[in-house]
Amino acid sequence: MTQRLLFRATGSARPGQLAALGEALALAGARLLDINQSVTFDIVTLEALVALEDDYAQPEALTGMIDHASERTGLAVQAVQVSPEDYAGWSDNAGRPRLIMTLLAPTLPAQVLSEVGRMTAAHDLTIELIHRLSGRESLDGEVTEKGACVEIWLRGEVDIDGLRRVALDVGSTHGVDIAIQEDSIWRRHRRVICFDMDSTLIKTEVIDELARRHGVGDEVAEITERAMRGELDFKQSFRARMSKLAGLDESVLEDIAENLPLMDGVEELMRQLKRLGYRTAILSGGFTYFAHYLQKRLGFDEVHANELIIREGKVTGEVAEPIVDADRKAQLLAEIAEREGICLEQTIAVGDGANDLKMLATAGLGIAFRAKPLVREQARQSISTLGLDAVLYLIGYRRQDLETLESP
């Protein structure tokens, strides 16, 4: 009769321990069913789930095997018998859906772990793995601009939208972004990433700055407020705001474009995305005039935005069609994916406003970045506590791996 046992070995890590444990198990004719190892501050935990024929699973034989393994590995070794019911439960759990929960913040308070533990337990989720994606904190405890990030692998069937709502509340309480994704083959095979521009790639809304420079800031703000109240849709409000800019000198545009304040982390993010082979695009309800400046500065592959009509060095206030609104952004993302020969699951979209929600919903990974509460609630993922390069954590990249790319 076959019995299943879990061997757990712990102690100071040193080379050759896996070989020694494997040798002890091999002498008993064990079949390996699963294995896991982790090392923290040179303390190793090595676990092996094996199947043994009954003769080798008797107390006397096990004692000899454990003594042999302990002597050869220098570790404390114990064996726990796994009942058929426990093994069946373990097998069934391995077939349940996997979720990836990512915790991001300048620093991670210990209290949030307790809250996450309660939250996952309440939703009957099993924690399979917890590991760090961010780099190590400096010895003086200085908070780095890269922040802290921990990734947690979960198993279980769950109402993911309900879980996200709970996670949003927990994260808001502790100043932590908590992102929850369904794991799939596409999660680490994204190929295209599309960005909104204003308040996402840059720290300003260009049309507001243009209005301020032209002396019509209050009038444009009033139109924006009407749109927020639902009195005007995006296209109506866009045309109305553009009409207020008639007569603006082109030199003002050039001055604003050359001094666009970049969003935190955008240069690092673009540098890494290019190294990793992503196709990058700006899909903006702003203006191509400014998007092309960013394209030249940061290396975007393509730009889709609204055209400012300029005649004789002056903005006319007219609007070129088609206007890039929420529907157009989602359509453009789908068209880029089709052109590149990839599925939508391999796309990423990042934006901050209600005008981005359809694009975020269309993408395989939609991220609301430093967005207003309503947008954060409706988007599947959000980042508010770190810079734009934190997007790399949600794709699943470890800081250490990215730094390896930079090595000569």
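Buried means under 20% relative accessible area, exposed means over 50%, and partly exposed lies in between. The model used in these exercises is predicted.

**Exercise 1. Work out what the salt bridge of Arg-155 connects, and which network holds Arg-155.**

Step 1. Start with the pair. Arg-155 forms a salt bridge with Glu-128, with 2.7 Å between the closest N and O atoms.

Step 2. Locate the ends. Arg-155 sits in strand S7 (residues 148–155) and Glu-128 in strand S6 (residues 126–132). The pair therefore ties together parts 27 residues apart in sequence.

Step 3. Check accessibility. Arg-155 is buried, at a relative accessible area of 13%. Glu-128 is partly exposed, at 35%.

Step 4. Widen the view. A network of salt bridges links Arg-98, Glu-128, Glu-151, Arg-155, Asp-183 and Arg-187. The structure holds 30 salt bridges.

**Exercise 2. Explain why Arg-190 has no salt bridge, and list what surrounds Arg-190.**

Step 1. Arg-190 is in the loop between strand S8 (177–182) and strand S9 (192–195). Arg-190 is buried.

Step 2. The nearest side chain of opposite charge, Glu-345, is 7.4 Å away. A salt bridge needs a side-chain nitrogen of Lys or Arg within 4 Å of a carboxyl oxygen of Asp or Glu. Arg-190 therefore has no salt bridge.

Step 3. Look at the backbone instead. The side chain of Arg-190 reaches the backbone oxygen of Glu-345 at 2.4 Å.

Step 4. List the neighbours. Leaving out residues up to four places away in sequence, Arg-190 touches Gln-181, Tyr-278, Glu-345, Gln-346, Thr-347, Ile-348, Gly-364, Leu-365 and Ile-395.

**Exercise 3. Describe the setting of Asn-259: which loop, what accessibility, and which backbone oxygen does its side chain reach?**

Step 1. Find the loop. Asn-259 lies between helix H9 (250–258) and helix H10 (266–276).

Step 2. Classify the residue. Asn-259 has a relative accessible area of 52%, so Asn-259 is exposed.

Step 3. Identify the oxygen. The side chain of Asn-259 reaches the backbone oxygen of Asp-255 at 2.7 Å.

Step 4. Asn-259 and Gly-351 are 92 residues apart along the chain, and their C-alpha atoms are separated by 21 Å.

**Exercise 4. Name the residues of the nonpolar surface patch that includes Ile-35, then classify Ile-35.**

Step 1. List the members. Leu-18, Leu-32 and Ile-35 form the patch. Together they have about 290 Å² of accessible area.

Step 2. Ile-35 is found in strand S2 (residues 31–40).

Step 3. Classify Ile-35. Its relative accessible area is 41%, so Ile-35 is partly exposed.

**Exercise 5. Classify the two residues of the Glu-340 to Arg-339 salt bridge.**

Step 1. Note the distance. The closest N and O atoms are 3.7 Å apart.

Step 2. Apply the cut-offs. Glu-340, at 35% relative accessibility, counts as partly exposed. Arg-339, with a relative accessible area of 48%, is also partly exposed.

Conventions. Residues numbered from 1 in each chain as written. Predicted model: local features only at pLDDT ≥ 70, side-chain atom pairs only at ≥ 80, totals over all residues. Heavy atoms only, no water. Helix = DSSP H or I, 4+ residues; strand = E, 2+ residues; numbered from the N terminus. Buried < 20%, exposed > 50% of the residue type's maximum accessible area, 1.4 Å probe, protein only. Lys, Arg positive; Asp, Glu negative; His and termini not counted. Polar contact = N/O pair within 3.5 Å; in protein donor to acceptor, adjacent residues only side chain to side chain. Contact = heavy atoms within 4.5 Å. Patch = residues over 30% accessible without salt bridge, like charges linked within 9 Å, V, L, I, M, F, W, Y side chains within 5 Å. Areas by Shrake-Rupley, 256 points an atom, 1.4 Å probe, with all protein chains shown as cover.
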